[in-house]
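Hello,

Here is the structure I said I would pass on.

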Amino acid sequence: MAQKLLPGTLASSLGPDTEAASSSESTVVGTSSSDARQPITGKERAEWVVKSTVGPEALVGELVGAGWDTLLDGPPKQYGTHWQGFGDRLGMSVAGNAVSNTMEAGIGAAWGEDPRYFREGPASPFGHRLGHAAKMTFMAENRDGNEMLAYARFIAIPGSNFLSNAWRAPGDDSVDRATIRTGIGFAGRFGSNVFDEFWPDFKQRLFHRRAEQGHN
């Protein structure tokens with residue numbers, strides 16, 4: 001026999017449907033408030049510039065590029081194939097990258113363009129994730145989290161490469177060279193997106209495997 005509840009008690013005033021709805025509403029509200037992506041702040045823009053210029057991922061790419069050009073005696077020829085030439089090429093690459101990243105973060109702040117890359121994650125198929133990395137090479141998110149053309153990036157990458165012609169060595173200061181560097185800049189952004197998309201998964205599996213081997 002079901003137990004009778006006195007009028008006015010909390011249990012009698014809330015039926016099963018009401019309790020479920022209340023619980024559901026609290027769950028939705030809690031989830032939306034915690035998962036909602038917040039617009040990028042000025043501090044986060046500065047942190048992105050530093051990370052994208054002298055962070056481990058960025059420095060590895062610049063070291064490889066400078067080493068490759070030094071090995072093949074790429075332009076400018078004046079730098080040569082010795083350690084001094086490698087250092088000069090590396091310094092020029094870091095400086096150009098710093099100018100480009102600062103321009104992108106600073107100009108994009110005017111209309112809320114977010115320079116950061118947000119990954120799809122392992123829940124999506126591999127091809128979809130790769131396509132997302134390619135798409136976000138030319139797209140960005142605005143203040144509301146909606147995708148938009150990365151106007152600041154389209155200004156920053158070509159602008160910094162043509163601007164750097166003013167202090168580059170002869171042979172590396174032409175329109176053709178600046179155009180090539182612009183293409184390399186977008187290719188580098190795609191590579192960075194791919195790394196950000198898949199590296200966390202690879203790292204998790206790698207350390208998980210090592211942990212299992214350690215227990216064995």
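**Overall fold**

Of the contacts in the protein chain with a separation of 6 or more, 60% are between residues 24 or more positions apart. Please keep in mind that this is a predicted model. The protein chain has 8 helices and 2 strands, and along the sequence they follow the pattern α-α-α-α-α-α-β-β-α-α. The chain has 216 residues, and 29% of them are buried.

**Two helix pairs**

Two packed helices are described by the angle between their axes and the distance between the axes. Both values are given below for two pairs.

Helix α3, residues 42–54, packs against helix α4, residues 56–71, at an angle of about 35 degrees. Their axes are 5 Å apart. On the α3 side the contact is made by Lys-51, Ser-52, Thr-53 and Val-54, and on the α4 side by Pro-56, Ala-58, Leu-59 and Glu-62. By class, these are 4 nonpolar, 2 polar and 2 charged residues.

In the other pair, the axes of α5 and α7 cross at roughly 145 degrees and come within 8 Å. The crossing is right-handed. From α5, the residues in the contact are Gly-96, Val-99, Ser-100, Met-103, Glu-104, Ile-107 and Gly-108. From α7, they are Ala-152, Arg-153, Ile-155, Ala-156, Ile-157, Ser-160 and Leu-163. This contact divides into 8 nonpolar, 4 polar and 2 charged residues.

**Helix α6 and Arg-129**

Helix α6 covers residues 126–135, and its buried residues are Arg-129, His-132 and Ala-133. Seen down the axis of α6, these buried residues fall within an arc of 100 degrees, so they line one face of the helix.

Arg-129 is worth a separate look. Its relative accessible area is 6%, and it counts as buried because the cut-off is under 20%. What does Arg-129 touch, leaving aside its neighbours within four places in sequence? The residues in contact with Arg-129 are Tyr-117, Arg-119, Glu-120, Gly-121, Pro-122, Ser-124, Glu-197, Phe-198 and Asp-201. One of these, Glu-197, is 68 residues from Arg-129 in sequence, yet the two are 7.3 Å apart in space, C-alpha to C-alpha. A polar atom of the Arg-129 side chain lies 2.7 Å from the backbone oxygen of Glu-197.

**Two loop residues**

Asn-165 is in the loop between α7 (151–163) and α8 (175–215). Is Asn-165 buried or exposed? Asn-165 is buried, with a relative accessible area of 14%. Not counting residues up to four places away in sequence, Asn-165 touches Asp-172, Asp-173, Ser-174, Val-175, Ala-178 and Arg-181. With Arg-181 there is also a polar contact of 2.8 Å, which joins the two side chains.

Asp-73 sits in the loop between α4 and α5 (83–108). The phi of Asp-73 is near 55 degrees, which is a positive value in a residue other than glycine. At 23% relative accessibility, Asp-73 counts as partly exposed, because buried means under 20% and exposed means over 50%.

When you open the model, Arg-129 in helix α6 is one place to begin. From there you can go to Glu-197, which is among its contacts.

Regards

Definitions and conventions
Residues are numbered from 1 along each chain as its sequence is written. This is a predicted model: local features need pLDDT of at least 70, side-chain atom pairs count only at pLDDT 80 or more; totals for chains, interfaces and linings use all residues. Side-chain values use heavy atoms; hydrogens and water are left out. Axes are lines fitted to C-alpha atoms, for helices over the stretch in contact, and angles run from 0 to 180 degrees between N-to-C directions. Helices (H or I, at least four residues) and strands (E, at least two) are DSSP runs, numbered from the N terminus. Contact means heavy atoms within 4.5 Å. Ala, Val, Leu, Ile, Met, Phe, Trp, Tyr, Cys and Pro count as nonpolar, Asp, Glu, Lys and Arg as charged, and the others, Gly among them, as polar. Buried means under 20% relative accessible area, exposed over 50%, partly exposed in between (1.4 Å probe, protein chains only). The arc is that of the directions from the helix axis to the C-beta atoms. A polar contact is a pair of N or O atoms within 3.5 Å; within protein, one must be able to donate a hydrogen and the other to accept it, and residues adjacent in sequence count only if both atoms are side-chain atoms. A crossing is left-handed if the near helix is turned anticlockwise from the far one by less than a right angle, and right-handed if clockwise.
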